[in-house]
Structure formats: structure tokens, C-alpha cells
Amino acid sequence: LRFGERTRKNLTAGVREELRRSFATHFKCKSPLDVQLSFIKFSEEAGLEVGLEIHLQASTSLKLAQEFAKGTAGGPESCATLLYELTDGNAVEQELGRDVAISTELLDITETIRAQQKADDFEFSYLVCETAERDEPKESDPSRPKTEIELPYKMYRLVHADGSPCERADKHGFAMSRVYYSKTELPDEVYVELCDSSLRWRQSSDEVKIILLRVPAGLRASRDLHVQILPDYVKCANRNVARSGEGEVYFEGQLCRGIIPEQSLWEYDSDNGLLTVYLKKMNLELLSTSHQHANMWWPRLCADHAEIQWDDYEKDYSDLPEPIMRQHEKNELQSKILNNLEYKERLKNESLQEADEVRRRLRQERLHEMRTGERLSWVDLSQGKTGRSKVTIRRG
């Protein structure tokens with residue numbers, strides 16, 4: 001989709017969600033997640049360009065897709081009419097305008113995905129096998145589960161940035177981990193590496209850092225690599241994959257939580273073949289519970305990964321958003337002042353209590369001496385010890 005005289009500012013979050021929802025409804029997709037933003041570009045000459053990648057089922061939506069492709073052959077006015085008939089309300093039209101150009105391309109990805117995985121196991125198998133199973137029903141024996149039980153330390157391991165093993169020697173028995181709010185106090189960075197050695201990743205309160213380990217060395221980033229970063233999805237592949245569907249995908253996954261693509265970036269080191277992706281966390285949890293910093297900690301990287309044990313490594317909260325960090329420092333200062341006041345009050349009460357105890361002991365010793373004429377310590381008196389009573393007889 002190309003919108004003349006429009007910028008990235010016009011493509012708000014509401015407009016993006018409305019486009020995804022409208023196209024998913026029109027093409028009868030099972031979920032709005034089947035419609036993804038593949039790219040967002042802007043130039044003074046072409047204006048705002050938005051790429052939409054739609055996964056649809058050929059048996060029910062192919063005719064709709066072909067009719068939509070034929071309708072985009074007209075001018076800007078016809079393309080605008082075709083587009084805004086799919087959306088509800090005038091909000092999208094007001095933001096994007098009537099200067100619209102649409103170009104479409106239909107690709108059959110079934111064989112490509114089949115080549116990567118088994119036909120009865122891959123993600124979109126229901127698009128391929130549904131008709132065949134309906135026509136020729138077959139009895140099948142139950143089989144063993146395809147994946148093993150997700151046991152901790154079997155699905156991932158803790159390593160340093162260079163891949164050397166790292167295990168916490170001081171792991172707490174009650175599943176606790178230390179939290180750091182200052183970068184100067186942070187220990188060595190600890191990464192979680194998947195057991196298939198495909199990537200290692202770590203996180204802080206504001207960022208997720210991913211190091212991809214299967215990218216070959218000696219590539220040119222602009223020519224050979226295609227990195228796609230969406231609000232809930234990341235993909236890295238050889239650029240030939242993005243165009244023709246042939247080649248190798250180095251990483252692809254649905255993220256555990258949302259990110260901000262506009263503030264995320266990636267870099268590639270051609271000498272050692274390491275591609276590093278920096279993802280800016282969306283941190284929607286802070287809008288409702290800004291004081292509960294643990295809520296922004298991701299339990300896993302992708303939705304299909306094993307959960308990382310909470311106490312496996314320390315928590316880095318040193319890059320909290322500035323307003324929340326100021327509030328945290330204010331709360332810490334107030335807590336420190338209150339603790340000091342409570343400590344001084346406790347010392348004062350202990351001193352008074354000790355003075356009262358000394359007076360009580362002296363009073364006990366004096367009373368005993370006045371009654372019996374013997375002087376005993378309060379220790380002997382508390383243990384029930386008594387001496388011989390002296391009786392004086394006076395003769396008149």
C-alpha cells in the first residue's frame with residue numbers, strides 16, 4: 001500500500017490494527033495474527049509505503065484474493081475506494097488520504113513449508129491436509145509425543161556472552177534472585193542459550209538482546225540478510241528467502257510479549273557471523289502496575305519456548321523508564337528514612353527497657369535484704385536460693 005503525501009506519523013497504532021483486522025475479516029483469516037506488517041517505508045518521492053503479508057487458506061480465500069488483486073489495477077481513486085470499503089469509519093481515511101496505490105502478489109508457500117517440515121507436522125498443515133483427509137479417511141494408530149517433556153536445564157542452559165558455561169554457585173533455596181537498579185553494581189552478563197545452539201538471549205527491564213548463532217560469516221548485511229521485526233514477531237533469513245521462498249531461515253518466532261519495532265534495531269558482525277537483535281520492550285504492564293517491576297520480566301523469549309526459571313539469574317532493572325526510576329528512588333529514600341527512624345526508636349526503647357530491668361533487679365535485692373538481713377544477688381533470688389535468717393532477741 002502506498003499513500004502519497006503521508007508520513008509515518010499518520011500510521012498510528014489504531015490505523016495499523018484497523019488495517020490488520022479489516023484484511024483478516026475480508027479474506028476470512030482465522031485470526032488477525034495471519035495479517036502482519038512486513039515493512040514500513042517513507043521517502044519524499046514515493047510517500048508512505050506499507051507492506052502487508054497475509055496468510056490465507058486457498059480453498060476459501062483464493063477467489064477473494066484474486067478479485068482484490070484485479071480491483072487494484074485502477075487509479076488512486078478506485079484503489080482508495082477499494083481499500084476504505086474494507087475498513088469501518090472514516091478515521092483510517094482521514095489519516096491516510098485518498099491518494100492510494102495498491103500492488104499485490106500471490107505466492108503459494110505450501111511446498112516451501114513442506115520442504116522444511118513434515119506435511120503432518122508443519123504450522124499450516126490444516127491448509128493442505130484437510131481436503132485429503134475428508135476424501136480418504138484413514139485409521140491411524142496413536143503415536144508417541146513428538147516433543148520431550150520441557151524440563152528445566154534440558155531446554156536451555158546459562159552461558160556468558162562468549163558461550164562459556166555459567167551456573168549460579170549461590171543459588172538460593174527459596175527461588176529468589178537479586179535485583180539490580182544500578183549499572184555499576186551489575187555482575188557479568190548471563191545469557192540463556194537454547195539447547196539447539198540456535199541463539200542466546202538476555203533481557204533487562206527495557207530491552208531484549210538476541211544473538212543469532214547460525215548466521216554464516218562473510219555476508220553483506222544490506223544484500224544478503226532480511227530481518228523482519230514486528231510488534232510480536234521476529235524473523236531473520238537470507239534475503240533470497242524473502243523474495244523467492246528458497247534458502248535458509250536463521251530464526252523465526254512469535255514473541256512472548258510485545259515490542260516497539262520503530263525503536264528496535266539489529267547489527268551484523270561479518271567476521272564471526274554473529275547477528276545481534278536489540279528489541280525495545282513495549283512494557284504495557286507498567287501502565288497498570290508501575291510499582292511491580294517484576295511484571296515486565298519475560299518468562300521466555302518466544303511463545304513456544306520453555307519457561308526460564310525465575311531464580312536462574314539476577315534481574316537487571318537499571319534501565320527502567322525515567323519517571324518510574326525517579327519514583328523508585330523516591331520510594332527507596334523514603335523507606336531508608338523510615339528505617340532509620342524505626343532503628344533509632346528501637347534503640348531508645350531497648351535502652352529504656354534495659355534501665356527498667358536494672359532498677360527492678362536492684363529493688364528486688366534491697367527488698368530481700370530489708371526482710372531477711374542477708375544480701376543476695378538477683379541471680380540467686382531468681383533461682384530461689386535463700387540464706388539462713390538471723391533472729392535477734394533483746395532482753396528488757
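A nonpolar core is taken here as a set of buried Ala, Val, Leu, Ile, Met, Phe, Trp, Tyr and Cys residues joined through side-chain atoms within 4.5 Å. I applied this rule to a predicted model.

**Entry 1: nonpolar cores**

I first looked up the largest nonpolar core, which has 38 residues. Ile210, Leu275, Leu279 and Leu301 are the members with the most contacts inside this core. As general background, nonpolar side chains in soluble globular proteins tend to be buried together.

I then asked which residues Leu275 touches, leaving aside those up to four places away in sequence. Leu275 is in contact with Ile210, Ile211, Leu212, Val215, Leu225, Val227, Cys236, Trp266, Glu267 and Tyr268.

**Entry 2: salt bridges**

Side chains of opposite charge can pair when their charged atoms come close. How many salt bridges does the count give? I recorded 17 salt bridges, and I followed several of them individually.

**Entry 3: Arg21 and Glu18**

The side chains of Arg21 and Glu18 form a salt bridge, with 2.7 Å from N to O. I located both residues in helix α1 (residues 13-26), where they are three residues apart, about one turn of the helix.

**Entry 4: Glu189 and Arg202**

I found Glu189 in a salt bridge with Arg202, the closest N and O atoms being 3.9 Å apart. This pair links distant parts of the chain, 13 residues apart. Glu189 sits in the loop between β6 (179-180) and β7 (191-194), and Arg202 in strand β8 (residues 199-203). I read Glu189 as partly exposed, because its relative accessibility is 37%. At 15% relative accessibility, Arg202 counts as buried.

**Entry 5: Asp206 and Lys280**

The side chains of Asp206 and Lys280 meet in a salt bridge at 2.6 Å, N to O. I placed Asp206 in the loop between β8 and β9 (207-212) and Lys280 in strand β14 (residues 274-280), so the pair ties together parts that are 74 residues apart in sequence. Asp206 has a relative accessible area of 15%, so I list Asp206 as buried.

**Entry 6: a network**

Which residues are linked in a network of salt bridges? I noted Glu77, Glu93 and Arg98 as linked in this way.

Methods. Residues are numbered from 1 along each chain as its sequence is written. This is a predicted model: local features need pLDDT of at least 70, side-chain atom pairs count only at pLDDT 80 or more; totals for chains, interfaces and linings use all residues. Side-chain values use heavy atoms; hydrogens and water are left out. Buried means under 20% relative accessible area, exposed over 50%, partly exposed in between (1.4 Å probe, protein chains only). Contact means heavy atoms within 4.5 Å. A salt bridge is a side-chain nitrogen of Lys or Arg within 4 Å of a carboxyl oxygen of Asp or Glu. Helices (H or I, at least four residues) and strands (E, at least two) are DSSP runs, numbered from the N terminus.
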